[in-house]
Amino acid sequence: MKALENLVKVKQIHREPFNQSEFDGMLNAAQNKITDAKLDGLSQDSQFMLAYGAAHALSLAALRFHGYRTDSRYLVFQCLQHTVGFSNAQWRVLDSCHKKRNLAEYEGHLEINTALLKELMALTELLFEKVKSLKQPKTTSSEHREDDV
């Protein structure tokens, strides 16, 4: 992917081989956060932070699937257009949520409106489906995977 390779050139992301166990762990963590965000009785702040955490884990999983990593939290959202085909409008909502999360974490200020929370939840669930559907790298016929047994 040319756009991702351009980010490697400017040292915004770096190449790192795909790791199935890490990928599966991120998917499981995201699924748990999505499930927890839907629990009755949670404040909107808690729902937001759980959904945001799931979206971040999924975005990183998508980047990792393609063989890249970054230490920059916001870049994983910006890369979604290249990793899972999100539109600019979709990843920008997640980027906006990232900014709100930073205000909460670093300045103690979190204002969540119901519409943004609903949009975050919907995008996170869509992202989960897209990341879950990424195809595992092909194995050669001489390689053996446990799930092939």
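Me: Where is the place of H56, and why does H56 count as buried?

Reply: H56 sits in helix α3; a helix here is a DSSP run of H or I with at least four residues, a strand is a run of E with at least two, and both are numbered from the N terminus. The relative accessibility of H56 is 12%, so H56 counts as buried. The cut-offs are under 20% relative accessible area for buried, over 50% for exposed and partly exposed in between, using a 1.4 Å probe and protein chains only. Keep in mind that this is a predicted model, where local features need pLDDT of at least 70 and side-chain atom pairs need 80 or more, while totals for chains, interfaces and linings use all residues. Residues are numbered from 1 along each chain as its sequence is written, and side-chain values use heavy atoms, with hydrogens and water left out.

Me: What is H56 in contact with, leaving aside its neighbours within four places in sequence?

Reply: R73, V76 and F77. Contact means heavy atoms within 4.5 Å.

Me: Why does T83 count as buried?

Reply: T83, in helix α5 (residues 80-83), has 5% relative accessibility, so T83 passes as buried. If you skip residues up to four places away in sequence, T83 touches L4, A62, L63, H66 and L134.

Me: Why is K11 called exposed?

Reply: Its relative accessible area is 73%, so K11 goes down as exposed. You'll find K11 in the loop between α1 and β1 (14-15). Most residues other than glycine have a negative phi.

Me: Why are α6 and α7 called oblique to each other?

Reply: The axes of α6 (residues 88-107) and α7 (residues 114-132) cross at roughly 120 degrees and come within 10 Å. Axes are lines fitted to C-alpha atoms, for helices over the stretch in contact, and angles run from 0 to 180 degrees between N-to-C directions. Under 35 degrees is roughly parallel, over 145 roughly antiparallel, 65 to 115 roughly perpendicular, and the rest is oblique. So α6 and α7 are oblique.

Me: Which residues of α6 and α7 meet?

Reply: Q90, V93, L94, C97 and K100 in α6 meet L116, E119, L120, L123, L126 and L127 in α7.

Me: How do you know that α2 and α7 are roughly antiparallel?

Reply: Their axes cross at roughly 155 degrees and come within 11 Å, so α2 and α7 are roughly antiparallel. On the α2 side, F23, L27, Q31, I34 and A37 make the contact, and on the α7 side M121, T124, E125, F128, V131 and K132 do.

Me: Which residues touch the most other members of the largest nonpolar core?

Reply: Of its 46 residues, F48, L58, L80, L94, L120, L127 and V131 touch the most others. A nonpolar core is a set of buried Ala, Val, Leu, Ile, Met, Phe, Trp, Tyr and Cys residues joined through side-chain atoms within 4.5 Å. Helix α3 gives the most to this core, with twelve residues. As for L120, its contacts beyond four places in sequence are F48, A51, Y52, A55, L94 and C97.
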